[in-house]
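Have the structure open as you read.

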Amino acid sequence: MTTYQGPATLLVEDGRKFEADANLTKDQSGGWRGTLTFHDVPLIPVLLNVRDGHVLVGNQTGEFVRQNTSDWTATAGGPLTITILGSGPAPF
């Protein structure tokens, strides 16, 4: 599979978990990247400075980094979207 669109869970270093919608792609070299969109507005301040973590898709995890923590997009009362870059095997 070279793309995945669907539910995912962000796992951060301190053990917290955040539900998200993932839009992920894998290139021919096996590298992967994409976006995570969070709909739980009260969590947005917690998520803004996440620099790395793991994303869980089904029962597979993938490690990622956020190269730019100012890359997020959000609308008033709406979802927060962050961009991630895989740093290991893809979780899909």
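In which strand does Thr9 lie? In this predicted model, Thr9 belongs to strand β1, which covers residues 3–11.

Is Thr9 buried or exposed? Its relative accessibility is 11%, and the cut-off for buried is under 20%, so Thr9 counts as buried. Leaving aside residues up to four places away in sequence, Thr9 touches Lys17, Phe18, Glu19, His54, Val55 and Leu56. With one of these, Glu19, there is also a polar contact from side chain to side chain, at 3.4 Å.

Now follow the contacts over to β4. This strand, residues 52–57, pairs with β1 in the antiparallel sense, and the bridge partner of Thr9 there is Leu56. In a regular strand, side chains alternate between the two faces of the sheet. In β4, Gly53, Val55 and Val57 make up the covered face, while Asp52, His54 and Leu56 make up the uncovered one.

Strand β4 also pairs with β5, residues 60–65, again in the antiparallel sense. Here are the two pairings side by side:

| Strand pair | Sense | Bridges | A bridge pair |
|---|---|---|---|
| β1 and β4 | antiparallel | 3 bridges | Thr9 and Leu56 |
| β4 and β5 | antiparallel | 6 bridges | Asp52 and Val65 |

Finally, a look at the turn: how many residues sit between the strands in the hairpin of β4 and β5? There are 2 residues between them, and in this hairpin Gly58 takes a positive phi near 65°.

Note on methods: Residues are numbered from 1 along each chain as its sequence is written. This is a predicted model: local features need pLDDT of at least 70, side-chain atom pairs count only at pLDDT 80 or more; totals for chains, interfaces and linings use all residues. Side-chain values use heavy atoms; hydrogens and water are left out. Helices (H or I, at least four residues) and strands (E, at least two) are DSSP runs, numbered from the N terminus. Buried means under 20% relative accessible area, exposed over 50%, partly exposed in between (1.4 Å probe, protein chains only). A polar contact is a pair of N or O atoms within 3.5 Å; within protein, one must be able to donate a hydrogen and the other to accept it, and residues adjacent in sequence count only if both atoms are side-chain atoms. Contact means heavy atoms within 4.5 Å. Two strands pair if DSSP finds at least two bridges between them.
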